[in-house]
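Student: I would like to learn how to read the boundary between two parts of one chain. Could you take me through a case, step by step?

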Amino acid sequence: MSKKLTQIAIYGKGGIGKSTTTSNISAALSVAGYKVMQFGCDPKSDSTNTLRGGTYIPTVLDTLREKNVVKPEEVIFEGFNGIYCVEAGGPAPGVGCAGRGIITAVQLFKQKKVFEEYDLDYVIYDVLGDVVCGGFAVPIREGIAEHVFTVSSADFMAIFAANNLFKGIHKYSNSGGALLGGVIANSINEPYAKDIVDDFVDVTKTQVVEYIPRSVTVTQSELQGKTTVEAAPDSKQAQVYKKLAEKIANHTESKVPEPLGIEELRNWAAKWGETLLALQSGEVRSAAEKI
Amino acid sequence: MSLRSAENTSNKIEKETDSKCLESPKYTCALGGALAVITNIDRFVPIIHAGAGCGTNQMLSFRSGGGNQGIGYINGMITPSSNLSEKEVVFGGEERLAQQIRATIDLMDGDAFMVANGCIAGMIGDDIEAVVRGFTEEEVPVAYVNSSGFAGNTYLGYEETLKSLINQLTKEQDIVKGRVNVFGFVPYQDIFWRGNLSKIGNILRGIGLDVTQVIGDFSGLEGVRRMSSAELTIVVSPWVGLGPAKLLEEKYGIPYLSFPNLPVGPQDTTEFVRLVSKALKLPARRINKYVQQQERQAYYELDIAGDVCAQFSTSLPIAAVADSATAVGVVRFLANEAGFTPTIVVINDDPPEEVRETILSRLNDLRANVKPKVIFEVDNYELNKHLATAYYRVILASSQERFAAQEENQIHLSISYPAFERLVVNDTYAGYGGGIALLEDFMTKFIMPY
């Protein structure tokens, strides 16, 4: 009998470091001895680049476009430490329907029972930005992923995207959809950044899984076409990713988040806007003001 | 589902429910309207850019519900279609469309080709205009209409197609005195469209006009191009066809007039003739002579039918269920000229809010203070609830109302879409003799119901 497969989806606003984080989690899980597949769900098709020396791989949809039948081995490529890399792919910008593309690619793998045949421990979906349409919600629907994590910085736009994702999870939570594992707080260097993310998870009744500081090691590794876990395994940053991977491996219970309404979110952001302004002008507003 | 009442005129008006789910709606989608127009322009070849099945669906609806009318030149099962599948949904269907247009031009003999898209192409945002632009060097013109099904119903498709034809295939030219365009008859959706257009055309030709009807005659591409040379556009409907009429006014300064119902019988037909004559400043003597001749013949025939009408009932209660132009036209004739009593009128083409007062005003000034209950309703379930509480002996409606009528031993005649149990080619109730034709059709059933 095959072992228990855990499927995880990682969402987040574009450019927030989602693919970097996902690839490092995959690398860390793999180093820890798990069999991992990373499934990029972004028409840009660059999710798995740093697992494969910075190279692009043929995508499921590109292959499907050329011929009607696609064999799994034609679109699954081994990367760092034997991680299976897959890119869903999608149409050229401005044509067709990328959302439907994600559905097609994920369903193809499901139909062909690829995950079972490859005897995997983890499938990690790296999903493009916001949940803009039904297609991008596929990994959290139809019993595909069990846990969803969202990568967010303290940037308001990233938090808005996370809140949208929470709405998607909330919507599908009653029909067997994936639940939220928590927020992976990325690029957290300033103290206020941590406060903002902490406050957001607090009001939406979720949790921060790990705080990841911005680090030049990540940039250096990516310039070599590698994850930090591969390029600088002993670095402090690699340890952060390994700790994150361990937490995800040990994570069992996800929850339904409570997303903020549009008005609530605006008010919440406005409140933080004022605080940041006060901070810049030297006013003390944190716990220190009581001193 | 409660009914909202509005007592803003002397008729009792009940507006339709805000039900979100329709039972047996009385029309198809915009693609249907587009195909209804394209397939009835002589030697025009339609190209459907939609999922496989969209075209078949329209054909089945129109063929059966539209008075069992057969196919034209390129129509029905032989209509070319890009048959979009998942591959096109993901990557876009533009290449597939280009391929389909190429193949159609190569294989089919036509004077013009016209692409009509369905929902899929609309949803994924295919740039159909750009694809069609790639065929500008062809010997025959290739046009397109955006007819995504979700955009609206058959009426929208009809208007959008005419507008596309005007925008893409007509150009500024000298106005020809006495030339008129006639809009308002949607093929199949108006089961009598062919006869109606032909009858209205004959009346207009009778008063010396040169008529462009584009559909249902042999004018083809030439007819389409002629639209921009008209002196006037005549819309025989309170609303259907106003879109293209306004476009012709905007683009070429061609004025338009709207006659708010089908002119059935001498009274309304004369009103129609006089309205058109006034707009075109036609010589009064010629018009008076025409009207006198036509009215004499029509009233002579009405007299002949009058005996039997009076013998059975001088105030026969009648229900009508149809689109606004047909329902109002038929009811006005029956009340004003045949002496019957329309008791309920259900208007089922969902006319825009702003024309509803006009429609009501035409039912408000009936003879002998006859005031039928007027209902705007597109849902068949709600519509039948209204009919169940109304009193009538004859119902002029669609096939959907036939069964309720049979149960009550009432006389039923299909005059609106869908009409499954009737073959319609040239039948029409329009014009001076149109009322007689209507009387013949339903009184025959009334005199000898078994």
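Tutor: We begin with what a domain is here: domain bounds come from an automatic or database domain assignment. In this predicted model, chain A is divided into domain 1 (6–260) and domain 2 (261–291), and the C-alpha centres of domain 1 of chain A and domain 2 of chain A lie 31 Å apart. The contact draws on 13 residues from domain 1 of chain A and 11 residues from domain 2 of chain A.

Student: How much area do domain 1 of chain A and domain 2 of chain A bury between them?

Tutor: The size of an interface is often given as the accessible area lost when the parts come together. For domain 1 of chain A and domain 2 of chain A, that buried area is about 1,000 Å², with 81% of it on carbon and sulfur atoms.

Student: Which residues form a salt bridge, and how far apart are their closest N and O atoms?

Tutor: The rule finds one salt bridge across the interface of domain 1 of chain A and domain 2 of chain A; A:K271 pairs with A:D199 in a salt bridge whose closest N and O atoms are 3.1 Å apart, inside the cut-off of 4 Å. Across this interface the rule also finds three residue pairs in polar contact.

Student: Which elements give two or more residues to the side of domain 1 of chain A that touches domain 2 of chain A?

Tutor: They are α6 (156–172) and α7 (191–203) of chain A, and α7(A) gives the most, with six residues. By class, that side of domain 1 of chain A has nine nonpolar, one polar and three charged residues.

Notes. Residues are numbered from 1 along each chain as its sequence is written. Chains are lettered from A and ligands numbered from 1 in the order in which they are written. This is a predicted model: local features need pLDDT of at least 70, side-chain atom pairs count only at pLDDT 80 or more; totals for chains, interfaces and linings use all residues. Side-chain values use heavy atoms; hydrogens and water are left out. Contact means heavy atoms within 4.5 Å. Buried area is the accessible area (1.4 Å probe) that two parts lose on being put together, summed over both. A salt bridge is a side-chain nitrogen of Lys or Arg within 4 Å of a carboxyl oxygen of Asp or Glu. A polar contact is a pair of N or O atoms within 3.5 Å; within protein, one must be able to donate a hydrogen and the other to accept it, and residues adjacent in sequence count only if both atoms are side-chain atoms. Helices (H or I, at least four residues) and strands (E, at least two) are DSSP runs, numbered from the N terminus. Ala, Val, Leu, Ile, Met, Phe, Trp, Tyr, Cys and Pro count as nonpolar, Asp, Glu, Lys and Arg as charged, and the others, Gly among them, as polar.
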